[in-house]
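Please find below a set of numbered remarks on the structure shown here. They are arranged by topic and may be read in any order.

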Number of protein chains: 2
Amino acid sequence: LARIALDAMGGDHAPRATVAGALEAIQELDTRHSIQLIGRTDVIERELETLLGGEYVAARKHRGRLELVHAPDVIEMTDKPSVAIRKKSESSMVVGLRMQTEDKSDGFVSAGNTGAQMAASTVLLRLHEGLTRPAISTLFPTALEPIVFLDSGANVDCSADELVQFARLGSVYATDILGRKNPSVGLLSIGEEPEKGNTVVKEAHALLREAGVNFQGNVEGRDLPAGRSDRGPIDVVVCDGFTGNVLLKFYEGIAPLVMGLLAKEGVEKERLARAFGQLDYSSHGGAPLLGVRGVSIICHGKSSPRAIKNAIRLALQAVESQMDEHIGRRLAGNGAKKATA
Amino acid sequence: LARIALDAMGGDHAPRATVAGALEAIQELDTRHSIQLIGRTDVIERELETLLGGEYVAARKHRGRLELVHAPDVIEMTDKPSVAIRKKSESSMVVGLRMQTEDKSDGFVSAGNTGAQMAASTVLLRLHEGLTRPAISTLFPTALEPIVFLDSGANVDCSADELVQFARLGSVYATDILGRKNPSVGLLSIGEEPEKGNTVVKEAHALLREAGVNFQGNVEGRDLPAGRSDRGPIDVVVCDGFTGNVLLKFYEGIAPLVMGLLAKEGVEKERLARAFGQLDYSSHGGAPLLGVRGVSIICHGKSSPRAIKNAIRLALQAVESQMDEHIGRRLAGNGAKKATA
């Protein structure tokens, strides 16, 4: 059984969307699991009452699997991360993560301030040895299966070594959560030849050949939507967090542009919504912060109840597959190999 | 009057698409201008005969404005740029650019090997003072007007100073070719705040405030398809050539993915083609290599006759607006200001 702590106060549509997401989750998930709603209990209780009295009346019988944990402080989207986690030590974010260190919870989910979640997760859960920062790993929708795409913005200046660590982290994620066997890893660059790319990428290309991952060489921007390069399907794509973040936000911005053009051509809204729904990575259930000792899932600020539910499911999968432990072993294993080589 | 040299041998569909593009151009453009077809004259003549005897029979009366210039060597897409321009000194690319230095031609257009065109343009035309490399400037289709987007891949590791130079180059391009008055410049980053971004971007942000361009601060990935940030419409976006190239190729790869999803929803192919045609930046007429002393227009390898025609038109606009001279003055002017400051 697993206990997932949800930051009830985090996100643009909190606490409505978060509490509703928790109710969807307890209805759909295995009945052994429970959800801890962290935040101002008076606010959460009021929200619960409204939802259980209306749209979510069917969730009433699962009410016993919801635990309310009081946290009086609220971290705002505009708060500076380092200041927020120090000054708001009784915030839903800090309380939720602290419970994991005290073995009172198994995983944490938030749609709140991403910078604060990164900082609090790093400080409270701590990092696996050999890492300097955690990486945000997004599931990237493609024409084939989703790609594990990292880093999505946690590390803006990356060394070649860090790109190699991302490859290891992403490989474990692809195996444990997506069930990919021996996942293929691509390095994002501007040409498939090893000599193409910027200085860091060229260095990383050489290191990745010896990194103990299933490295398939460079991939280009156009391979991402395709889900494959000329060498076959791709499971994991690594890049620095600056490029990754620019690309993901660009991806987000494309849908309104294309939908606008198609609407002008008279294409029905329902068809557009169905087609673009499949591309909406933010609804896929959050992005795990990989590299921390524990489970911390980052959701998009605009998360819907469904996105929150999917993120809770992802947290459960991470707990049940023991992803964190596998990451620790993978990083230590590769470190050991390197040391004896 | 202007004479535009076209690399008849360059591109995936050459010489058919290039010669056809030249025929479309001489029919549509002002009759004072002429086009120089550079390449193997026997091959070009055979192609001309076929096209003028069939689909392009209406172009016959303009035949006198086409000049054939023999260049026996052909640079292949797979040739190494530096080797190609040295060993194939009688290639269409080298011959076409050399004519510009000898005042026998006013502009050059090619859909051939981009690396070779960059190298040959830099060596033969030379750079304006203060530049280390030229920049490839793409017109990026948006929901509003196209954005001047640079660098698109010529400079993979950029300094903050280089990003500032791109802003100056792009501003002249936006004014001379697109008619934008006092064009607004955005710096591609991962948040609008000046402290967001990687090391180079943060440094560039500070420099751009004093760079003599209409700097509007950082823009994010999602602002590109929108054509605007919260602060208003954007005319020019600068970024390093690694990020730029990844983004453009990603953009190219999106259309097949989305079209596939929409086709599954039963949306008619014609509607899709019309909507996505507007997003096809490769048909917009090529990307000028900014910073060289002269005019060199890079076309996509897959260019259609229409794309070639548009690139020839762009070359003419660059010649007629004296863009090159304006760039020289702009760079020298800002250099001088800096020296006396």
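1. B:Gln322 is partly exposed, with a relative accessible area of 41%; here buried means under 20% relative accessible area, exposed over 50%, and partly exposed in between, with a 1.4 Å probe and protein chains only. The residue is placed in the loop between α11 (305-320) and α12 (323-340) of chain B, where helices (H or I, at least four residues) and strands (E, at least two) are DSSP runs numbered from the N terminus. Although B:Gln322 is not a glycine, its phi is positive, at about 55°. Most residues other than glycine have a negative phi, and most peptide bonds are trans.

2. On provenance, this is a predicted model in which local features need pLDDT of at least 70 and side-chain atom pairs count only at pLDDT 80 or more, while totals for chains, interfaces and linings use all residues. Residues are numbered from 1 along each chain as its sequence is written, chains are lettered from A and ligands numbered from 1 in the order in which they are written, and side-chain values use heavy atoms, with hydrogens and water left out.

3. The bond from A:Leu150 to A:Asp151 is cis, with omega near 5°, and the bond from B:Leu150 to B:Asp151 is cis, with omega near 10°. A:Asp151 belongs to the loop between β7 (147-150) and α6 (160-176) of chain A; B:Asp151 belongs to the loop between β7 (147-150) and α6 of chain B.

4. How are the two chains related? The same surface serves both copies, since 98% of the contact residues of chain A recur in chain B; contact means heavy atoms within 4.5 Å.

5. In helix α7 (residues 199-208) of chain B, the residues B:Val201, B:Ala204, B:His205 and B:Leu208 are buried. They cover an arc of only 110° around the axis, which puts them on the same side of α7(B); the arc is that of the directions from the helix axis to the C-beta atoms. The buried residues of α7(B) pack against α9 (241-264) of chain A, together with α6 (160-176), β8 (184-188), β9 (214-219) and β12 (236-238) of chain B.

6. In chain A, seven strands form an open sheet of mixed pairing in the order β3-β2-β1-β4-β14-β13-β5; two strands pair if DSSP finds at least two bridges between them. Its edge strands are β3 (66-70) and β5 (135-136) of chain A, each pairing on one side only. Strands β1 (residues 3-7) and β2 (residues 34-39) of chain A run parallel over five bridges, and A:Leu6 stands opposite A:Leu37 in β2(A).
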